[in-house]
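Open the model in your viewer and keep the selection panel at hand.

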2 protein chains.
Amino acid sequence: MSTTLEGPMGQLLRVQNFNVSRDGFGAGEDQSLERPFGHADPGAMFAWAGATASWPMRTDPGGSRGLDDYFTRDYARGIGAEIMGRNKFGPQRGPWENLDWRGWWGDEPPFRTPVFVMTHHPRPSFTLSDTTFHFVDDDPAAVLERAKEAAGGKDVRLGGGAATIREFLDAGLVDTLHVAVSQVELGCGSRLWKSPDELLDRYHLDVVPSPSGVTHHLFWRR
Amino acid sequence: MSTTLEGPMGQLLRVQNFNVSRDGFGAGEDQSLERPFGHADPGAMFAWAGATASWPMRTDPGGSRGLDDYFTRDYARGIGAEIMGRNKFGPQRGPWENLDWRGWWGDEPPFRTPVFVMTHHPRPSFTLSDTTFHFVDDDPAAVLERAKEAAGGKDVRLGGGAATIREFLDAGLVDTLHVAVSQVELGCGSRLWKSPDELLDRYHLDVVPSPSGVTHHLFWRR
């Protein structure tokens, strides 16, 4: 079960635990400092993961160890780097007014690997605990190449948001996707898809309803 | 997502990827050197795991990366030792006639940790590649204590067979169980349960049908 057994595909680009609404949005409209997911309530969309024993921000003991826990604990398995869009990193748009903003995650970001933030406005890299953020102005294939180098033989996680995942899908670079579809309806926002069936020409799909109410969608290349 | 986040439960005793027939048997009757699972066809019972990309005995590239792959690749995650019954280790019964038998798995057993084989007929420990087999004549609680010490802070996997799992269940020692129920009917053999509902007084249960035809049963303590 070591990574060397993964065969000639080598390092994978994996989407893990990405949450979308029933109508296909990864976040709502009008992202701001106070509302990282715009008009979407992240509590409702992420509740399935927060209820599990492996949820990294868990402060009390307990938590479920059923199906949803498998997905929560698989988040970091075999991952050596993450790629994310700038809107996942912060609410600012355009040139940086200053460099005070260091992400939403406080002094111990949950990534614990190099993270490549895609932006037309690069800034110097910085490190918080086990996570180093790099800022890159390049196309998906070139960013993936850099992330794979930094991952030391491990896989690369594509962290979102939806627009960033779409870019990598359109470039044919994504190997596997796990998308958790919640019962929430958003109506508008950052769209991943109109229907998961859009990917069936290129991917196999397992649809797995969870007792928690979320439906896990697992895609891998045909 | 490190083991230190697992809370005060500390090290868990986990059953992982244990296969039973639709009528609740982990193996058939009449185990022998040629038929480790007795009259049961292990190919039919394990097919779901063998089809996945993470199957450790896979020799060709490819394999599925959907739901069943999550279970296959979770087999060794965070595991520091295994406990198994003697019938999982070999087909012999009674005192050892000689010590030539070193398990079913060849020179590279898939466990890669200390393994504690429960038997009334102890023999000296031996090592094959990354796996060391110890032979212990003791009750479940005492064997679990030894295995937890050997696991170096990680969890312990309870490998089966069915009779061994029943012993640990009856002693209240099992924290989580993943049992894959196949469509095969065996009629007789080594029984895990008449129905998974027998455990509902003590465990939560997620029942997760897989597109491959197997139904994953995930139990964790109430």
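What volume does the largest cavity have? About 110 Å³. A cavity is a set of points on a 1 Å grid over the protein atoms alone where a 1.4 Å probe fits but cannot get out; its volume is the space filled by probe spheres set on the points, joined across faces, edges and corners.

This is a predicted model, where local features need pLDDT of at least 70 and side-chain atom pairs count only at pLDDT 80 or more, while totals for chains, interfaces and linings use all residues. Residues are numbered from 1 along each chain as its sequence is written, chains are lettered from A in the order written, and side-chain values use heavy atoms, without hydrogens and water.

**Stop 1.** Select A:Arg14, A:Gln16, A:Thr176, B:Arg65 and B:Arg73. Of the 17 residues lining the largest cavity (an atom within 4 Å of a point), these lie nearest its centre.

**Stop 2.** Select Tyr70, Arg73, Asp74 and Arg77 in both chains A and B. They line the second largest cavity, with about 30 Å³ of space. Helix H2 (67–74) of chain A and H2 of chain B each give two or more residues to this lining (helices are DSSP runs of H or I, at least four residues).

**Stop 3.** Show A:Arg73 with B:Asp74. Their side chains form a salt bridge at 2.6 Å, N to O (a Lys or Arg side-chain nitrogen within 4 Å of an Asp or Glu carboxyl oxygen). The interface of chains A and B has two salt bridges by this rule.

**Stop 4.** Select the whole contact (heavy atoms within 4.5 Å). Chain A brings 29 residues and chain B brings 29 residues.

Key:
On a 1 Å grid over the protein atoms alone, a cavity is a set of points where a 1.4 Å probe fits but cannot get out, and a pocket is an open set with protein on both sides within 12 Å along at least five of seven lines; lining residues have an atom within 4 Å of a point.
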